[in-house]
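Please read them with the sequence and the coordinates open.

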Amino acid sequence: MLEPRQNWIVFKFFSWYINRIIKSDFHDLVFNKIDLDRNRSILLLANHFSWWDGFVLFQINRLYFKKKFHVMISEENYHNVWFLKYLGSFSVKKKSRSIIETLEYAGKLLDDSNNLVLIFPQGKLHSGHVDEINFEKGLMNLINSSSKTFQYVFAASFTDYFENRKPTINCYLQTWEGAEFTSLQLIKSAFNKHYENARQKQTAIAV
């Protein structure tokens, strides 16, 4: 276990490293600014189509949201990529009893206004060309474990090369206010409406 100062050094190094590799491997990272309540935590829901997704949203948080970053990842990635734990990652083991504890932990993180919790509701990687984003049921366990004072932010990301050798990432952001007793189906419907609008904007880009 690293000491607090060592932990901070590892975090700063890999923050720098992620910034460097994104600038190296992509032509650009583009995202829109939205109205945020800086006094509330953020539940960030995003589509999951590439190995880059968590790093890209970590970068957007560093540049824009400026919250303490947390992201739920698979147990395999948590153990295989050692530094992820120092960047706010926590693992979930599917089909095990511990998944409830993990979701409750994530929900409690949202009770701190300084935190951002990133969740990929699809649960695993899917093509970036799918028509609809599916949501796994565990999301409601997370939400109901919190005091529900957080704000929802939806992120729909797409990549295209156009005339460049390297791709550009376009991340479309939107806030959403859910009712106190919001259902999974309502969240899924709202997210997919944003996802489809974002996809239409992406396909309308002309260079």
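Among contacts in the protein chain between residues at least 6 apart in sequence, what percentage join residues at least 24 apart?

1. The share is 74%, counted among those contacts of the protein chain whose partners lie at least 6 apart in sequence. Please keep in mind throughout that the model is a predicted one.

2. On secondary structure, the protein chain contains six helices and seven strands, and their order along the sequence reads α-β-β-α-β-α-β-α-β-α-β-β-α.

3. On burial and surface, 47% of the 207 residues of the protein chain count as buried, while the accessible surface amounts to about 11700 Å², with carbon and sulfur atoms contributing 51% of that area.

4. After helix 2 comes K66, which has a positive phi, near 60°.

5. A nonpolar patch on the surface is formed by F13, W16 and Y17, which together have about 310 Å² of accessible area. Of these, Y17 is located in helix 1, residues 4–25. Because its relative accessible area is 34%, Y17 is classed as partly exposed, and a residue needs over 30% to be part of such a patch.

Key: Residues numbered from 1 in each chain as written. Predicted model: local features only at pLDDT ≥ 70, side-chain atom pairs only at ≥ 80, totals over all residues. Heavy atoms only, no water. Helix = DSSP H or I, 4+ residues; strand = E, 2+ residues; numbered from the N terminus. Buried < 20%, exposed > 50% of the residue type's maximum accessible area, 1.4 Å probe, protein only. Contact = heavy atoms within 4.5 Å. Areas by Shrake-Rupley, 256 points an atom, 1.4 Å probe, with all protein chains shown as cover. Patch = residues over 30% accessible without salt bridge, like charges linked within 9 Å, V, L, I, M, F, W, Y side chains within 5 Å. Salt bridge = Lys/Arg side-chain N within 4 Å of Asp/Glu carboxyl O.
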